[in-house]
Amino acid sequence: MLSRINLLQATLFKSSELILRSMSTKRKCAFVDGKWVGAASGKTFPVMNPVDCSIIENVPDMDAADTKEAINAAHKAFQTFRKTTAKERSDLLRSWYNLMVKHSEELAEIMTKENGKSLDESRAEIRYGNSFVEWFAEEARRINGEVLQSPVKNRELLLIKQPVGVSAFITPWNFPHAMITRKAGAALAAGCTCVIKPSEDTPLSALALASLAEEAGFPAGVINVLTTSTENSVAVGQELCSNPKVRALSFTGSTAVGKTLYKQCADTMKRLSLELGGNAPYIVFESADVNLAVSGAIASKFRNSGQTCISANRFFIHSKIYDEFVCKFMTKIESEIQMGDGSKKGNTHGPLIKSSQLKIVSDLVNDAKAKGATVHCGGKPLTELGPLFYAPTVITDVTKSMEIYAKEIFGPVAVIHKFDDEDDVIQRANETPVGLAGYFFSRDISQIFRVARNLEVGMIGVNEGLISCAEAAFGGVKESGIGREGSSHGIDEYVNIKYLCIGNVNH
């Protein structure tokens, strides 16, 4: 009897193990038309762990021909998906969201492996990314039209909103979960279908999302994910831009690449949403709460080891509190930042994403040092931790002759300037062609409204270093892009407004 019970227990254990394995979000194939597929060429490329540059997985290296297949699948699926009710789309998004919440820890672990950020940071991104799907599940049922007042007695005038069609997303490596959900949530809520090209550095997070979308019940072809190496990325991007079946393209990345995509989309007059580079000013006025400003600076500058588009990039501190700020800032860096393998407990910050990024950061700091800047801490790679770690760095005495003065650093390096005059610091903050985010700290209410109106950026944190949420409209001005993501305005990028004039109506 005992042996039969043991046998039953063993069988149940094996069955539960198989169930758990089948529910895993980890995938190593691309997802096209509801199927997990490889590249037609049979080629693959490795996904690396930036902590030690070891290979995590090999995924398909899709090319332009594979991309065309995915676009065709999305276009075919759109003919049906566009006719679904808002309630049906809302239910699908809600199911997807629930699965993301259920698998949050596994999603965070996948992200930490391929991106390098700490598990705590990955968990925070998963919560943030999930919130967009939850938000747009609710917004799907609020895509309303308008009834207009006609200037003619026997006419009725209506505005209705319809999905634009196949939407392509080119997403970055620094937020591999949230940048997909922020785009896809809005597009799917509107009734669009999607072709997603994640960064070659972080495709596993995208595949995990596709796996959960499949489980949530999205029809075949509605969500497609193409994994692509650096070598094929240009050709795949060109296909997404030039293919007339793609009616909207959303990209998050550098301004230089955004401009290229903008030009490539011109021939087919696509709907464009571009969230591009930033060079965020961080201003601390004399009246500010210095401790609050220091805490906000740590969060804004060093999140994801500085690899964030809205990361504070240029610090301007009023001369009367300058020394106090720098001292407290460095003390907080020393006490709160622990570099290392993000999967290990206690480590708060991980490596840079790849060697080219490390070289950019190192070259900027070395150039500044050579030209007379003062490095208060850091200023060098931490090779004892791994090949891509760079020490948290604070630099002062930076002049316009130094490359770092006007560059978006995208690393854990804080450049701190001194100022005395409000008008002067606003002018310095605005002397850049980009304008994504900005931050300032003040307890003067008149100054708060005055400075907020005068800073040339799309988003501002006032007495706050972390500003992103699903409810807010995310986007920039000048060369930081066009369009908005998140908020009720996020869906605007994926709908066309159609005007209906119904004449000869008998009243």
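Which residues in α5 meet which residues in α6? In this predicted model, Glu 125, Tyr 128, Gly 129, Phe 132, Val 133 and Phe 136 in α5 meet Ala 178, Thr 181, Arg 182, Gly 185, Ala 186 and Ala 189 in α6. Contact means heavy atoms within 4.5 Å. By class, this contact has seven nonpolar, three polar and two charged residues. Ala, Val, Leu, Ile, Met, Phe, Trp, Tyr, Cys and Pro count as nonpolar; Asp, Glu, Lys and Arg count as charged; the others, Gly among them, count as polar.

Residues are numbered from 1 along each chain as its sequence is written. The model is predicted, with local features needing pLDDT of at least 70, side-chain atom pairs counting only at pLDDT 80 or more, and totals for chains, interfaces and linings using all residues, while side-chain values use heavy atoms, with hydrogens and water left out.

The protein chain has 14 helices and 22 strands. Helices (H or I, at least four residues) and strands (E, at least two) are DSSP runs, numbered from the N terminus. The C-alpha atoms fill a box of roughly 85 × 70 × 45 Å along the principal axes.

An unreviewed UniProt entry places the feature "domain: Aldehyde dehydrogenase" at residues 36–499. UniProt positions follow the numbering used here, feature names are shortened, and annotations may be inferred rather than shown by experiment. The span is 39% helix and 21% strand, and its end C-alpha atoms lie 40 Å apart.

Helix α5 (residues 119–139) packs against helix α6 (residues 178–190) at about 5°, with axes 8 Å apart. Axes are lines fitted to C-alpha atoms, for helices over the stretch in contact; angles run from 0 to 180 degrees between N-to-C directions. The angle makes α5 roughly parallel to α6. Angles under 35 degrees count as roughly parallel, over 145 as roughly antiparallel, 65 to 115 as roughly perpendicular and the rest as oblique.

The axes of helix α4 (residues 104–115) and helix α7 (residues 203–216) come within 8 Å and cross at roughly 160°. These two helices are therefore roughly antiparallel. Leu 107, Ile 110, Met 111 and Glu 114 in α4 meet Pro 203, Leu 204, Ser 205, Ala 208 and Leu 212 in α7. This contact has seven nonpolar, one polar and one charged residues.
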